[in-house]
Amino acid sequence: MRVNRLYIQDFRNYKEAEVTFCPGVNLIYGKNAQGKTNLLEALWLFTNAKSFRTAQDGEMIRFSAESATVKTGYTAFGRDQTAEIILNTGKRKLLRLGGAPLEKTSELLGQFPAVLFSPDELHIITGAPEVRRRFTDSAISAFRPAYYGALRTYLRVWKQKNVLLKNTPEKEALSVWNEQMAQSGAKVMQYRKEFFSRLAPLAAEMHRQVAGKEEYMEVSYAPSVPVKETVEMQAEALFAALEKKRDAEIYAGLSLVGPHRDEMKFTVNGKDARSFASQGQMKTAAVSLKIAQGMLLEEETGEPPAVFLDDILGELDEERRNFLLSNMHGRQIILTCTERDAVKVEGETRYFHVEDGTVCIST
Ligand SMILES: Nc1ncnc2c1ncn2[C@@H]1O[C@H](COP(=O)(O)OP(=O)(O)OP(=O)(O)O)[C@@H](O)[C@H]1O
Ligand SMILES: [Mg+2]
């Protein structure tokens, strides 16, 4: 996917701006708090239909304005396309694709494939297990829509069982719920198993390339119950594990085992990344992971995603930075940083200077 053009009006600190990107590397630079991230936020709306910074669409409307408009012209799946989003205070946002209104927000998903890396993404490594599960769930849903259904079923059963557990249930009653948890949970686990088996080699290779040969990263699925070959075997194993914990769960008053407790493990040079990796190593690992996620999506859809990098250059040394930007294999990059000369880029590059909500192409 290639973004050709972005137009914004009354969006964050921009009254009006238009940006024309090049197919290669686009470097947006400027001092702090000038509006660099705001541009990536506007673009990301087309990928995700919501901001990566706020759950409140209204926050993106310029102070004192009533509505904000964001438009783009882009090339994806072999053709030129346009999309438009209008945010209104206190109302639902309006979406248009190729000029035609979209009824549901979800219709936009998949149209504007991109991967985003913002400093918050480091939480995938340093944050709580929920952050990693959220990453996993959204990454799998993006290329296996049926996953979302299986997960919802599992979480519904899990919640109902937790209500039961709070009221000191009969053991037999619990087994009925365990059976249902095992059936839906096994599907969730099998999707996760497939996802990690494909993601891991891509992420490891990306990390090796960015960091150099001396350093290797591994990411793996760490489920709360061992993975099995088939869904049926998985359901059996999960049911057995749940039954084994039955007394402990009644005692604890909550459900102790199953996919809601799954983890994802990162190691750098064989050591747990969270405890032993440096900031730069963690950043390299997190960026590699996000790019690998994009590559997986590309394998599925045939469309290379654009790469949006918000402020990732701090903490990566010059070698890692330059490597990262020179080896995207033709994918478009749009990145923000504070210094114009923060990176040496080979190939086509366009520079944009941002100051107080104004963007100028700089030569
Ligand atoms: N709804 C809004 N209306 C007007 N201005 C806003 C709105 N939301 C945020 N801003 C302003 O946008 C600016 C921040 O923009 P942005 O996050 O893009 O900065 P940045 O250039 O990425 O800075 P940094 O280098 O610190 O990351 C702030 O000055 C903030 O006050
Ligand atoms: Mg910023």
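In this predicted model, the shell around ligand 1 is made up of 3 nonpolar, 9 polar and 5 charged residues, where Ala, Val, Leu, Ile, Met, Phe, Trp, Tyr, Cys and Pro count as nonpolar, Asp, Glu, Lys and Arg as charged, and the others, Gly among them, as polar. Of the 17 residues around the ligand, Asn13, Asn32, Lys36, Thr37 and Asn38 come nearest, a residue being near a molecule if its C-beta atom, placed from the backbone, lies within 6 Å of it. Helix H1 (residues 36-48) gives the most to this shell, with 3 residues; helices are DSSP runs (H or I, at least four residues), numbered from the N terminus.

Residues are numbered from 1 along each chain as its sequence is written, while chains are lettered from A and ligands numbered from 1 in the order in which they are written. Local features need pLDDT of at least 70, side-chain atom pairs count only at pLDDT 80 or more, and totals for chains, interfaces and linings use all residues.

Helix H5 (residues 171-211) packs against helix H10 (residues 318-326) at an angle of about 125°, with the axes 8 Å apart; axes are lines fitted to C-alpha atoms over the stretch in contact, and angles run from 0 to 180 degrees between N-to-C directions. The two helices, H5 and H10, are therefore oblique to each other, since angles under 35 degrees count as roughly parallel, over 145 as roughly antiparallel, 65 to 115 as roughly perpendicular and the rest as oblique. By class, the contact of H5 with H10 has 4 nonpolar, 1 polar and 1 charged residues.

Helix H4 (residues 145-166) and H5 pack at about 155°, with their axes 9 Å apart, which makes H4 roughly antiparallel to H5.
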